[in-house]
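Colleague: Hi! Could you walk me through this one? I'm still new to reading structures.

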Amino acid sequence: MGRVIAAGVALGLCAVLLGAPAASADSGSLDVQASIDGRPVADATVPIDPAQQIELQVVATNSGTAPVKVRSVRLSGVALALTFFAYDTTAPFEVPARGSITRTFVLDLGDLAGQATGLLPSSVELLDAQRATLGEATTVADVQGSFWSVYGVFGLAMLVLTVLAWLTALLALARHRLAPNRWRRGLRFLPAGFGTGLVAVITLSVLRLVPPEPAVEIPVVLGAAAIAFLLGYLTPHPAPPPVVTDSDTTVRLAVPPTQEFTR
């Protein structure tokens, strides 16, 4: 059971540390400015209500000497290096050399309520025919979705795994079943620490306090893991089982009662 819990928490950790997609080599060919319902997305938190359509306006500027062809526009949201929503709109247009062009799109995000909720780092990307990123504008979206969305359920699953990880480690401590080696005792508590950090990041996001950006999520997760490892490292040495020696063994012999014979 403990190995299953540790594997589940480790998968969440790998998503944070290793799941970020690599940037495209062509990501700087266009400068992109975007606004949602008239609000510029740069350095701002943009509210998104899935019950209403949104108007997305994109201004693409080409500083190169050759025109750039754009095939589609993507609005996506990422948390813990996992994409929780992505909407692509195919609308081909060409940005002339040393020029700019403005396009406006109306997006229906009705099913977003079941995909995410809370603060999520988001981006508006311009893609070419090979789905490579030509340029993007980043923001933080305040998604007014359901708590039972994919993102919310993911957080609940991590909470359950984390509670089980702590219970498993503490129960082994109470029963004196931890390893005699301090490093192994620290590693026993490590999955619980990772899970605690992941749950903290998701909770802050869902409560709309702090978005789960890499500058926040990685220190929180690694800090919680380090604290849990230290707690396990400092746990008392498990008491050795009692050793029974010959001197401690008492043998009771049953002596039959004295029988008297009468002649």
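Modeller: Let's begin with helix α2 (residues 150–174) and α3, which pack at an angle of about 150° with their axes 8 Å apart. That angle makes α2 roughly antiparallel to α3. The axes are lines fitted to C-alpha atoms, for helices over the stretch in contact, and angles between N-to-C directions run from 0 to 180 degrees. Angles under 35 degrees count as roughly parallel, over 145 as roughly antiparallel, 65 to 115 as roughly perpendicular and the rest as oblique.

Colleague: Okay, and where do these coordinates come from?

Modeller: This is a predicted model, in which local features need pLDDT of at least 70 and side-chain atom pairs count only at pLDDT 80 or more, while totals for chains, interfaces and linings use all residues. Residues are numbered from 1 along each chain as its sequence is written, and side-chain values use heavy atoms, with hydrogens and water left out.

Colleague: Back to the helices. Is the crossing of α2 and α3 left-handed or right-handed?

Modeller: The crossing of α2 and α3 is left-handed. That word applies if the near helix is turned anticlockwise from the far one by less than a right angle, and right-handed applies if it is clockwise.

Colleague: Which residues in α2 meet α3?

Modeller: Among them are Tyr151, Phe154, Met158 and Trp166 in α2, which meet residues in α3 including Phe189, Leu198 and Ile202. Contact here means heavy atoms within 4.5 Å.

Colleague: And how do α3 and α4 cross?

Modeller: The axes of helix α3 (residues 182–206) and helix α4 (residues 214–233) come within 6 Å, crossing at roughly 150°. So α3 is roughly antiparallel to α4. The crossing of α3 and α4 is right-handed.

Colleague: Let's zoom out. How many helices and strands does the protein chain have?

Modeller: The protein chain has four helices and nine strands. Helices (H or I, at least four residues) and strands (E, at least two) are DSSP runs, numbered from the N terminus. The order from the N terminus on is α-β-β-β-β-β-β-β-β-β-α-α-α.

Colleague: How many of those strands form an open sheet?

Modeller: Four strands do, in the order β2-β1-β4-β7, with antiparallel pairing. β2 (39–40) and β7 (99–107) stand at the edges with a single partner strand each, so one side of each has no neighbour in the sheet. Two strands pair if DSSP finds at least two bridges between them.

Colleague: How many bridges join β4 to β7?

Modeller: Nine bridges join them, and the two strands run antiparallel. As one example, Val59 stands opposite Thr102 in β7.

Colleague: What about strand β8 (residues 118–127), which is mostly covered: how many of its residues are buried?

Modeller: In β8, 10 of its 10 residues are buried. Buried means under 20% relative accessible area, exposed over 50% and partly exposed in between (1.4 Å probe, protein chains only). β8 pairs in the antiparallel sense with strand β5 (residues 68–79) over six bridges, and with strand β9 (residues 133–143) over 10 bridges. In β8, Leu126 is the bridge partner of Val73; in β9, Ala141 is the bridge partner of Leu120.

Colleague: How many residues sit between β8 and β9 in the hairpin they form?

Modeller: There are five residues between them, and Arg131 in the turn has a positive phi of about 65°. Ala81 has a positive phi of about 65° as well, although it is not a glycine. Ala81 lies in the loop between β5 and β6 (82–95) and counts as buried, because its relative accessibility is 15%. Asp37, in the loop between β1 (31–36) and β2, has a positive phi near 55°. At 39% relative accessibility, Asp37 counts as partly exposed.

Colleague: Now the loops. Is Gln52 buried or exposed?

Modeller: Gln52 is exposed, because its relative accessible area is 51%. Its place is in the loop between β3 (45–48) and β4 (54–62).

Colleague: And is Gln115 buried or exposed?

Modeller: Gln115 is buried, with a relative accessible area of 19%, and lies in the loop between β7 and β8. Leaving aside neighbours within four places in sequence, Gln115 is in contact with Phe84, Phe85, Tyr87, Ser149, Val150 and Tyr151.

Colleague: Last one: what share of the 263 residues in the protein chain is buried?

Modeller: Buried residues make up 40% of them.
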